[in-house]
Amino acid sequence: MATMESLIGLINKIQRACTVLGDHGGQGMSLWEALPSVAVVGGQSSGKSSVLESVVGRDFLPRGSGIVTRRPLVLQLHKTESGAEYAEFLHAPKKRFTDFAAVRKEIADETDRITGKTKQISNVPIHLSIYSPNVVNLTLIDLPGLTKVAVEGQSESIVEDIENMVRSYVEKPNCIILAISPANQDIATSDAIKLAREVDPTGERTFGVLTKLDLMDKGTNATDVLEGRAYRLQHPWVGIVNRSQADINKNVDINVARRKEREYFETSSDYGHLANKMGSEYLAKLLSKHLEQVIRQRIPSIIALINKTIDELNAELDRIGRPIAADGGAQLYMILELCRAFDRVFKEHLDGGRPGGDRIYGVFDHQLPAALKKLPFDRHLSLKNVQKVVTQADGYQPHLIAPEQGYRRLIDGSISYFKGPAEASVDAVHFVLKELVRKSIAETEELKRFPTLQNDIATAANEALERFREESRKTVLRLVEMESSYLTVDFFRKLHMEPEKKNEKNANSSGPNNDHLNDNYLRRIGSNVNGYINMVCDTLKNTIPKAVVYCQVREAKRSLLSNFYAQVGRREKERLSAMLDEDPQLMERRTQIAKRLELYKSARDEIDAVAWK
């Protein structure tokens, strides 16, 4: 079985790594909050700083009036076999401090870096590791002292803010509470005990520490508290005798103060029987031993949380995409695969697997017929215009039998109107296809991480659609022009063979010159032309959609990105890499996930190796 010192050291290491990744508690069930820790809680002037310095055996904490601790201080003690004592900060990993006065200054400076030269607080912790042969393996979290009133320079909410910060640590089930109370005040008024009772009513996570025993009024003692009669906890109370302010001012060595503390308890008539369970040295050993036990109990749940988080992080990486290969061939393959993924989504829209393709049918079934119905044939084939066109077509010599040139001009003029609806159909389908390209790019999950490639695909697809539109426009105009270039003679032959319903003799005997002025004659010409145009209209109503689908929709399905594929295949590796540029926020997110994943995997492996050898 691994030593408990190695387990505490491992927990310290994981805690530091969590802080580097921005996980310092208060954000849900994180790895930091799953790790057992000891939080030091007390009111201002309760002797909290003196207790910590006694445990360490060094003067290293800033002192002063008001709120001195304005950020949580994660204090990790590492017992060494021998050698000089030194300290290291997580925010300055390459700097080793051997002068503990410099440690005090660095704590103050690092606090100001986040909170400024104000008296405000921050929940971002400072990590301090102290290596010494004179300490036990232990991790303590020094929290801002609880206060009852805001002083000048502090916000009105400072009292509540401090309590909320302290509460966010001590209410966690893995937090051991070190509740510090001065002996020269009624224990019933202790801020630390009041808060501990709220978050740990059974007292199973709370260690009570009574300071300033030597400052109690003569004739009084704290045995009722220390022996658990005044306020019972599941763990024993520990009494501490701190250095006096005069000792601090005189820079009395803490080791000397420790010796005086031992002598005080050993010679005290009130506390002599408890001497072996009093003092800062005993407190440190007691906490270290208990922390070891808690770590061992929590290891299964910590590993379960780690495994669960690893699965979640892997799933998140799969969702946002794994890192891109550096090899040019692999990048080209990836680009082509992403293009194919987009192409599949685009075809699904056209073929009905996704919505949108039905709008193309709507162009042919509604928009085109409606546009054809609105064409101004009534105006073009009015009696006045028919007479004008026929007369102009005859020139100086009127027609002899039938005004063929007039017919042709009326038909050509009518057919030219079909060009507008034909081109409008091409443009309408082009618009639908462009919109489907945009939707397909947005709906292709694999493309979401590559904004540059999205733009490249959109540009290439739209350029292809423009080519298809131009070819389609030429084709539908050819269809219209073909109707003008060769008329269907059978239609007019059938008209010529139809018997006159009335006045056939009069009609046959009347000369063409008289027909020029005959409304019935002009009306019949207009009617004949209108009948022919209706036949052409029915034809184009069927052939225009065929041409548009053939030239635009079919080509979009077959070769939307063909030119793009050819261009990509000729590009250099640097340009391929540029195409796979990702959203910086997404890249940062993946980097953070990868770092967390590495941390959790490393933590799991090390816990397994240390705890279960």
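1. Helix H3 (48–56) and helix H9 (254–267) each contribute at least two residues to the lining of the largest cavity, and H9 gives the largest share, four residues. Helices are DSSP runs (H or I, at least four residues) and strands likewise (E, at least two), numbered from the N terminus. This is a predicted model, in which local features need pLDDT of at least 70 and side-chain atom pairs pLDDT 80 or more, whereas totals for chains, interfaces and linings use all residues. Residues are numbered from 1 along each chain as its sequence is written, and side-chain values use heavy atoms, without hydrogens and water.

2. A cavity is a set of points on a 1 Å grid over the protein atoms alone where a 1.4 Å probe fits but cannot get out, and lining residues have an atom within 4 Å of a point.

3. Of the 13 lining residues, Ser50, Ser54, Asn242, Arg243 and Ala257 lie nearest the centre of the largest cavity. By class, the lining has four nonpolar, four polar and five charged residues, where Asp, Glu, Lys and Arg count as charged.

4. His290, in helix H10 (residues 280–320), counts as buried because its relative accessibility is 15%, the cut-off being under 20% (1.4 Å probe, protein chains only). Beyond neighbours within four places in sequence, His290 contacts Ile176, Phe207 and His235 (heavy atoms within 4.5 Å).

Technical notes
Buried < 20%, exposed > 50% of the residue type's maximum accessible area, 1.4 Å probe, protein only. 1 Å grid on protein atoms, 1.4 Å probe; cavity = no way out; pocket = protein on both sides within 12 Å on 5 of 7 lines; lining within 4 Å.
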